[in-house]
Amino acid sequence: MKLKNMTLDNIAIACNGTYVGDAALKSEQITGVEKDSRLIEEGFLYIPFAGARVDGHDFIPQVFEKGALCTLSEKDLPAMGNPYIKVKSTAQALKDIAEFYREQLDCKIIGVTGSVGKTSTKEMIASVLEERYQVLKTEGNYNNEIGMPLTILKIRENHDIAVIEMGISDFGEMHRLAKVSKPDVCVITNIGTCHLENLGDRDGVFKAKTEMFDFAKEHCFVVLNGDDDKLMHIKEVKGSVPVFFGIDTEQEVCIEKYQTLGVKGTEATIRYFDKTFDTLIPIPGYHMLYNAMAATCIGVHFHMSFEEIDRGIRKLKALGGRNHIFEAHGKTIIDDCYNANPMSMKASLEVLSQAKGRKVAILGDMFELGEKEISLHKEVGETAAGFCIDLIICIGKLAKNIYEGAVTKGNQVLYFETKESFFEKMDILLKKGDTVLVKASNGMKFQEIVEKLK
């Protein structure tokens with residue numbers, strides 16, 4: 001399927017590039033965009049990136065062999081008989097091209113951001129909307145200044161709604177992402193203690209996350225966590241009054257009652273203004289109640305019935321590395337090792353605390369916390385001990401502080417500097433019947449622990 005109005009001529013104009021090649025091809029439309037040469041298909045535009053070890057420009061001859069229509073390039077290319085568009089920066093050109101394409105689309109775009117729960121909220125919203133609409137959603141970690149534009153460029157004319165995750169680590173990034181996506185709907189899950197290395201404190205996080213509003217559509221629909229002490233004070237966005245959801249404060253959308261089913265999820269009654277419905281959230285955790293409320297707001301906005309919303313919530317599935325629960329060798333494993341910050345650590349420990357039998361937390365370093373990293377790691381240790389986790393295993397240099405925070409409470413707490421030293425004792429420490437949480441920042445590669453447990 002060709003991308004609407006995405007001719008080589010329009011693409012060159014959109015990214016301020018110089019078209020080089022057969023002029024007759026300038027009116028040809030591309031069928032897709034890809035930065036990975038292995039994924040190029042017939043009619044695609046290739047976006048090469050020069051990395052520290054690999055330069056995507058080296059694969060340009062291969063992408064044409066695979067049927068690419070055109071490539072971007074930061075370099076002059078030898079005559080190959082294939083067209084290319086020369087640009088100063090392929091990274092900036094990608095954003096410019098995605099922004100132009102977004103303006104051709106009738107598809108509604110939902111932007112989802114926040115310190116914790118972006119991905120699980122995006123998944124919940126998409127699961128609900130799929131009961132009625134053709135939905136595209138962000139896959140994997142495609143939520144940054146490369147991944148998000150590529151996601152926009154995957155939208156096709158059959159898609160009614162796109163649910164776009166927007167992740168940042170510094171000021172200005174969300175501004176640039178919003179300029180590309182121009183969301184019709186904005187969802188912010190919370191303002192927490194993440195990326196403090198660049199953002200300083202929660203006020204900095206709030207400033208950076210709310211850059212989402214800079215390019216939101218006029219009279220956009222805005223959904224915010226009303227229990228968050230930063231978000232609750234937002235009164236108006238682009239001419240619209242936000243809809244707030246909450247549990248701990250009185251909000252238009254709330255949880256009237258809920259009953260935890262342990263690791264099997266939570267039964268809940270959700271009230272949307274003056275109407276209520278019952279549902280079952282199949283993934284455990286108090287934080288999942290917030291995701292269900294956000295998805296309810298979105299579903300109602302798009303004219304869905306409570307019956308449809310309920311079905312979508314019940315069909316939600318966990319992603320690998322994100323609160324994914326499975327059985328292995330007589331143990332229940334909570335694989336939540338995709339990433340971590342203090343808020344998500346505490347949420348995962350709360351999930352573990354609901355399990356039956358012996359509870360084990362395997363916790364590792366949290367990155368990008370800035371000057372407060374020691375105290376924030378200690379807080380996580382204190383939280384783990386407060387949840388009465390039977391065995392707390394801390395791995396990594398920063399995780400030594402989790403150990404120190406937990407051991408003062410008298411729990412059984414062990415420290416290992418490396419995963420390898422833990423592996424030597426793993427079979428002795430873990431027993432059949434245990435529920436085991438595995439969580440750390442992605443850079444710790446705790447997926448290796450999950451694979452060993454499998």
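1. Which residues of helix H10 (residues 306-314) are buried? They are Phe306, Glu308, Ile309, Asp310, Gly312 and Ile313. Buried means under 20% relative accessible area, with a 1.4 Å probe and protein chains only. Helices are DSSP runs of H or I with at least four residues, strands are runs of E with at least two, and both are numbered from the N terminus.

2. A word on the source. This is a predicted model, where local features need pLDDT of at least 70, side-chain atom pairs count only at pLDDT 80 or more, and totals for chains, interfaces and linings use all residues. Residues are numbered from 1 along each chain as its sequence is written, and side-chain values use heavy atoms, leaving out hydrogens and water.

3. What do the buried residues of H10 pack against? Their partners are H4, strand S13 (266-272), strand S14 (275-281) and H9. Take glutamate 308, which sits in H10. Its relative accessible area is 12%, so it counts as buried. Leaving aside neighbours within four places in sequence, glutamate 308 is in contact (heavy atoms within 4.5 Å) with Glu131 and Arg132.

4. Now strand S4 (residues 70-73). Both of its faces are covered. Cys70 and Leu72 are buried on one side, Thr71 and Ser73 on the other.

5. S4 has partners. Two strands pair if DSSP finds at least two bridges between them. S4 pairs with strand S3 (residues 44-46) in the parallel sense, over two bridges. There, leucine 45 stands opposite cysteine 70. S4 also pairs with strand S5 (residues 84-86), again in the parallel sense, over three bridges. Leucine 72 has isoleucine 85 of S5 as its bridge partner.

6. Next, the largest pocket. A pocket is an open set of points on a 1 Å grid over the protein atoms alone, where a 1.4 Å probe fits, with protein on both sides within 12 Å along at least five of seven lines; lining residues have an atom within 4 Å of a point. Of the 41 lining residues, the closest to the centre are Lys118, Arg322, Tyr338, Asn339 and Ala340. H4 gives the largest share of this lining, four residues.

7. The second largest pocket has a volume of about 570 Å³. It is lined by 27 residues. Nearest its centre lie Asn190, Asn225, His287, Tyr290 and Met343. Which helix gives the most to this lining? H11 does, with five residues.

How values were computed: Points joined across faces, edges and corners; volume = space filled by probe spheres on them. Buried < 20%, exposed > 50% of the residue type's maximum accessible area, 1.4 Å probe, protein only.
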